[in-house]
Amino acid sequence: MKHIVLVEDDQRLANLVKQFLQQNNFKVSVIERGDLAPAFILEKDPDLVILDIMLPHLDGFSICRKIRQKFNKPILFLTAKDSDFDHVLGLEIGADDYIIKPIEPHVLLARINTVL
């Protein structure tokens, strides 16, 4: 079973995504604070990381920069930030995909399966 770490501070959204992914045979760990994410990700070494950008204590861009050199598995941004600048920045700092909320669950699943 593939393990996904979801870094998302919106509890309602995190629970919906977690339940949907669990129904599709993924193990999902949710982290709500950005500052707790890098150590957890590097320790647990999941198969995929999904990052929001706007997080308390440490933003998703900073998390991606901190883990990318040691974590060579897929990183997806799942965010409401829809500017071209943010999209390009996310990909340039090492993300494998940049997904803008809201997204249909089956489309998210397809994007996850593509990078895995």
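A: Begin with the definition of a pair: rings of Phe, Tyr and Trp pair if their centres lie within 6.5 Å. This is a predicted model. In this model, Phe-61, Phe-77 and Tyr-98 form one aromatic cluster.

Q: How many aromatic pairs does the structure hold?

A: The structure holds 2 aromatic pairs. One of them joins Phe-61 and Phe-77, with 5.4 Å from centre to centre and 65° between the planes, an edge-to-face arrangement. Phe-61 belongs to helix α3 (residues 60–68) and Phe-77 to strand β4 (residues 75–79), so this pair links distant parts of the chain, 16 residues apart.

Q: Why is the pair of Phe-77 and Tyr-98 called tilted?

A: Planes under 30 degrees apart count as stacked, over 60 as edge-to-face and the rest as tilted. The planes of Phe-77 and Tyr-98 are at 50°, with ring centres 5.9 Å apart, so the pair is tilted. Here too the pair links distant parts of the chain: Tyr-98 is in strand β5 (residues 97–100), 21 residues apart from Phe-77 in strand β4.

Q: Where does Glu-8 lie, and is Glu-8 buried or exposed?

A: Glu-8 is in the loop between β1 (2–7) and α1 (11–23). Its relative accessibility is 2%, so Glu-8 counts as buried.

Q: Which side chain does the side chain of Glu-8 make a polar contact with?

A: The partner is the side chain of Lys-101, at 2.8 Å. Beyond its neighbours within four places in sequence, Glu-8 is in contact with several residues, including Val-30, Asp-52 and Leu-78.

Methods. Residues numbered from 1 in each chain as written. Predicted model: local features only at pLDDT ≥ 70, side-chain atom pairs only at ≥ 80, totals over all residues. Heavy atoms only, no water. Phe/Tyr/Trp six-rings, centres within 6.5 Å; stacked < 30°, edge-to-face > 60°. Helix = DSSP H or I, 4+ residues; strand = E, 2+ residues; numbered from the N terminus. Buried < 20%, exposed > 50% of the residue type's maximum accessible area, 1.4 Å probe, protein only. Polar contact = N/O pair within 3.5 Å; in protein donor to acceptor, adjacent residues only side chain to side chain. Contact = heavy atoms within 4.5 Å.
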